Amino acid sequence: MKYEHQEWVYHSISVQDTELLAARLAKLAVPGSVIALDGDLGAGKTAFSKYFAQYLGVEGVVNSPTFTLIKEYEGRLALYHMDVYRITLDEAEGLGLDEYFYGSGVSLIEWSSIISELLPEEHLHIQMTVTETGDRIIRLNGYGSPYTDWCEDLKRSGVD
């Protein structure tokens with residue numbers, strides 16, 4: 001089944017801009033939300049994740065789960081912060097990720113393209129690109145509901 005698709009592009013000229021986007025998306029998050037993050041090293045995936053967690057109500061330090069693969073945090077919703085950079089698709093298949101994706105929290109996956117075949121068809125994909133000037137171009141692609149609505153809402157009202 002093909003799901004509806006909606007794209008929105010955001011130009012972040014500062015870490016504060018990235019924080020605003022993360023805050024806005026954290027407010028929209030509901031149980032079972034899946035947010036897939038991609039971008040080169042230094043593109044801002046972990047910074048985005050930290051801000052997202054903060055605005056989801058997670059207290060304490062949030063850092064990249066590079067060596068643990070998945071870290072769980074409690075906030076307004078549970079946050080399942082994943083970093084799949086160091087695993088293969090075959091290894092990921094054995095992790096039981098569906099339990100997170102279809103659970104009662106929010107799954108936030110860094111380096112998600114590695115496991116794109118395992119992601120639910122309905123999800124938000126965020127691609128972060130660093131420009132020559134150090135700004136970030138952040139492409140949000142919503143696949144299915146509610147993610148197409150999120151992108152449409154961002155198109156209409158921007159990020160405040």
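In which handedness of crossing does α1 pass α5? Keep that in mind while you select the two helices in this predicted model: helix α1 covers residues 15–28, and helix α5 covers residues 147–157. Turned so that both can be seen, α1 passes α5 in a right-handed crossing. Their axes come within 11 Å and cross at roughly 135°, an angle that makes α1 oblique to α5.

Next, select the residues that make this contact, which are L21, R24, L25 and L28 on α1, together with W150, D153, L154 and S157 on α5. Sorted by class, the contact of α1 with α5 holds five nonpolar residues, one polar residue and two charged residues.

Now stay with α5 and colour its buried residues, Y147, T148, W150, C151 and L154. These residues lie on the same side of α5, because they cover an arc of only 160° around the axis. To see what covers the buried residues of α5, bring in β1 (5–12), α1, β2 (34–39), β6 (123–130) and β7 (136–143), which are included in that cover.

From here, centre the view on L154, which is in helix α5 and is buried, with a relative accessible area of 0%. Leaving aside residues up to four places away in sequence, L154 touches W8, L21, R24, L25, L140 and V159.

Technical notes
Residues numbered from 1 in each chain as written. Predicted model: local features only at pLDDT ≥ 70, side-chain atom pairs only at ≥ 80, totals over all residues. Heavy atoms only, no water. Axes fitted to C-alpha atoms, helices over the stretch in contact; angles between N-to-C directions. Helix = DSSP H or I, 4+ residues; strand = E, 2+ residues; numbered from the N terminus. Parallel < 35°, antiparallel > 145°, perpendicular 65-115°, else oblique. Left-handed = near helix turned anticlockwise from the far one by under 90°. Contact = heavy atoms within 4.5 Å. Nonpolar A, V, L, I, M, F, W, Y, C, P; charged D, E, K, R; others polar. Buried < 20%, exposed > 50% of the residue type's maximum accessible area, 1.4 Å probe, protein only. Arc of directions from axis to C-beta.
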